[in-house]
Amino acid sequence: MKLHLKIWRQKDRKSEGKLVDYTLENVNTHMSFLEMLDTLNEELILKDEQPVEFDHDCREGICGQCGVVINGNAHGPLKNTTTCQLHMREFKDGETILIEPFRAAGFPIKKDLKVDRSAFDRIISSGGYVSVNTGQAPEANTIPVSHEVAEAAFDSAACLGCGACVATCKNGSAALFTAAKITQLAILPQSKEERKQRALRMIVQMDEEGFGHCSNTEACEVECPQGISVLNIARMNYEYNRASFLKFKKK
Amino acid sequence: MNTLSRKIIMAATGLFLCFFLLIHFLGNTQLFLEPEHARLSFNAYSHFLTGNPLVKMVSYVLYASIIGHAIYALLITAKNKAAGGSYKKDNRGRASKWYSRNMGVLGTIVLIFIVLHFQNFWYVYKFGEIGLDTNGNKDLYAVVVAAFQELWLVVVYVIAMIALCYHLIHGITSGVRTLGLFHPKYVRWVNIVGVVYSVVICVGFAAMPLFIYFTNSK
């Protein structure tokens with residue numbers, strides 16, 4: 001198949017970017033979207049041009065590294081799919097595909113389609129951890145966790161941290177990501193110790209990174225590769241309100 | 001103040017205004033009574049509201065809520081506009097309802113309506129020249145009937161109620177979520193109750209000017 005590509009090219013964080021047109025012949029429909037970009041880059045390298053830079057790692061849909069906006073949707077037209085798991089058979093022969101990086105104030109563009117998502121790392125390190133005693137491995141049944149609670153925690157922990165929620169949100173809000181990371185820990189007994197400080201610190205960090213407010217449009221859940229529920233956000237609100245109230249009562 | 005506490009203020013003021021709408025709606029259903037009965041009963045009700053010190057206090061909370069809700073909406077929108085990205089080709093609208101993305105536009109329509117509504121009735125009642133009914137109460141009913149003889153005003157009121165309806169449908173579910181209700185079962189019930197509440201209140205309010213227009217214009 002033949003494709004017309006319009007790809008966002010930007011030299012670095014400070015420079016102005018623009019859409020550049022490319023035409024790619026002989027695209028195999030079984031290629032993944034990233035393999036299609038690899039093919040384009042090989043052609044560009046042969047022509048002695050700068051290849052298009054994009055993030056990727058496992059290419060199995062589980063690491064959360066890849067992610068671009070394809071024809072106006074984060075990770076492209078398919079639901080619950082990462083960019084690497086999107087295949088060229090989803091596109092028509094001769095179609096024009098517009099490829100842009102994830103855009104939000106919290107995600108500055110590094111180069112071309114690559115964005116700086118280290119804000120997510122800083123949100124995690126501000127409170128997304130659990131204190132455990134060192135030494136020998138504890139007895140496995142010391143702290144019982146019911147099946148339902150374990151499954152609920154896993155549902156939240158399925159978040160890849162790819163940032164599609166932020167790219168999809170009209171407010172550039174990181175509420176779904178932060179909420180999933182708070183919830184996965186908040187509901188497990190091992191992490192009750194830091195429950196209050198975790199909610200407060202991670203939310204303060206989320207704001208410092210320049211993300212917007214959640215206005216509950218629920219678009220993030222729809223475009224999330226893992227379909228992380230927006231009820232995580234309600235849970236985060238509950239955790240925050242609870243922590244604020246307890247802090248107030250202590251004073 | 002962080003993003004969550006700003007949203008809590010939006011939710012608290014918004015849900016208080018929702019509660020006020022119910023009281024306002026129930027009081028105004030007197031307009032559907034037989035004209036002469038409606039006049040006396042509606043005027044007596046209006047007189048009771050203006051004389052009562054408790055209602056006076058609640059009315060100040062009401063004014064503060066309207067102003068606070070609008071101011072925080074502006075602050076939040078300004079920050080959100082700066083934080084969100086814009087794309088050369090944007091198809092993100094497929095993932096959410098149009099009214100959930102346009103609460104600011106709907107809210108502005110409602111705010112303009114509130115100013116007009118205050119000018120139509122509140123201002124006239126407080127500072128205008130009004131006749132008295134047979135019980136000696138200010139005849140607000142006559143003012144209401146006179147106002148809704150104008151077709152354009154009736155149309156404006158109906159349009160405003162449509163905007164309010166969509167604003168409430170998203171606002172109620174969003175506000176309750178912001179306050180921290182996360183259990184799927186209760187969230188579902190709140191969504192259903194929220195939609196029913198919004199539609200009943202807004203259809204009911206829109207019916208009032210229509211009812212008066214069609215029963216009095218001969």
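**View 1. Polar contacts link chain A and chain B in this predicted model.** Between the two chains there are 26 residue pairs in polar contact, both residues at pLDDT 80 or more; a polar contact is a pair of N or O atoms within 3.5 Å, where one must be able to donate a hydrogen and the other to accept it, and residues adjacent in sequence count only if both atoms are side-chain atoms. On the side of chain A that touches chain B, α8(A) gives the largest share, eight residues. Helices here are DSSP runs of H or I with at least four residues, and strands are runs of E with at least two, numbered from the N terminus.

**View 2. A salt bridge joins B:R94 and A:E223.** Their closest N and O atoms are 2.8 Å apart, and the chains share two salt bridges in total. The term means a side-chain nitrogen of Lys or Arg within 4 Å of a carboxyl oxygen of Asp or Glu.

**View 3. Five strands of chain A form an open sheet.** Follow the order β2-β1-β5-β3-β4, with mixed pairing; two strands pair if DSSP finds at least two bridges between them. Because β2 and β4 stand at the edges with a single partner strand each, one side of each has no neighbour in the sheet. Strands β1 and β2 of chain A run antiparallel, joined by seven bridges, and A:H4 has A:T23 as its bridge partner in β2(A).

**Reading the labels.** Residues are numbered from 1 along each chain as its sequence is written, and chains are lettered from A in the order in which they are written. Local features need pLDDT of at least 70, and side-chain values use heavy atoms, leaving out hydrogens and water.
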